[in-house]
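Hi everyone, thanks for making time this morning. I'd like to walk you through one structure, so please have a look at it with me.

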Amino acid sequence: MSPRRRSAASSAGLGLAAALTAIGTVALQHGLALPLVGPTLAALAATGGTIGWRLVAADREERFLRRSFALYLAPQVIDRMIDADAPPALGGEMRDVTVFFSDIAGFSSIAETMTPAALVAWMNTYLSEMTEIVEGCGGYVDKYIGDSIVAVFGAPANDPDHATHAVRAALRCCDRLAALNGTAAFAGHRLSHRIGLNSGEALVGNIGSRRRFNYTVMSDAVNLASRLEGANKYFSTAIMASETTVERTGDAFAWRELDAIRT
């Protein structure tokens, strides 16, 4: 049973007990003594039994859904699906978000020097570390494209400071990668990655076919973040953000203007 439902059931039980007590008090004032202990205990026992039964049997499906989708969907998406009590359907909504797009520099050349098993272990370490930072800053990892990470800040959960949180995640990812370069897990490889950030309106929701779809984001804002990521190589930079993202972060960070870029 979800915390919300448990709270509702507990409140109902306590409310019933309070109502019985109030009725008994009024009756006593009029010279009529009503039994209170028995009905109150029965109400509390019924409430406890209901909660227990839901935990054991009725919420089995909810727990199964959470375990099944936890590795594929953001917790907020799972909560929304369970609260709606309906299967997810195609559709989306326009949301103001910040898109985070990262890519490892020279990944193909590095991958050619490693065995498949070593490459998988290495990539899992890298993606796990970066994902933890993104989610810790309030972002949602939309997808992995090889060594690339596409993440969204501001969806599915509303976040008025999504631009600031996305920039903070980018800075922390760079710091974490610098630390990982000195560990045995990276086998002496000195990695660097490029990150593009852009804020704007995007279509967020379940997009795909009737039989298979993903909770994802689509718009020019995503395409621009990808192009900014690639433009880093021409300026020898690690993080590049659009003017829109910079404006929305206010004075939270110190920025350096690079150039006017046609994308």
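I'll start with the overall picture, then go to the cores, and finish with a hairpin.

First, a reminder that what you see is a predicted model. The protein has nine helices and six strands. Of its 263 residues, 38% count as buried. Its accessible surface is about 15,200 Å², and carbon and sulfur atoms account for 57% of that.

Now to the inside. Which residues touch the most other members of the largest nonpolar core? They are Phe100, Trp122, Met123, Tyr126, Phe153 and Leu197, out of 31 residues in that core. Two or more residues come from each of β1, α5, α6, β3, α7 and β4, and α6 gives the largest share, with eight.

Let's zoom in on Leu197. Leaving aside residues up to four places away in sequence, Leu197 touches a whole list of partners, including Val99, Phe100, Ala166, Ala170, Leu228, Ile239 and Met240. There is also another core, apart from the largest one, with 13 residues, among them Val150, Val152, Ala202 and Val204.

Strands β2, residues 139-145, and β3, residues 148-153, run antiparallel and are joined by six bridges. Two residues sit between these strands, and Gly146 takes a positive phi near 65° in the hairpin.

That's my tour, and I'm happy to take questions.

How values were computed:
Residues are numbered from 1 along each chain as its sequence is written. This is a predicted model: local features need pLDDT of at least 70, side-chain atom pairs count only at pLDDT 80 or more; totals for chains, interfaces and linings use all residues. Side-chain values use heavy atoms; hydrogens and water are left out. Two strands pair if DSSP finds at least two bridges between them. Helices (H or I, at least four residues) and strands (E, at least two) are DSSP runs, numbered from the N terminus. A nonpolar core is a set of buried Ala, Val, Leu, Ile, Met, Phe, Trp, Tyr and Cys residues joined through side-chain atoms within 4.5 Å. Buried means under 20% relative accessible area, exposed over 50%, partly exposed in between (1.4 Å probe, protein chains only). Contact means heavy atoms within 4.5 Å. Accessible areas come from the Shrake-Rupley method with a 1.4 Å probe; for residues, only the protein chains shown count as cover.
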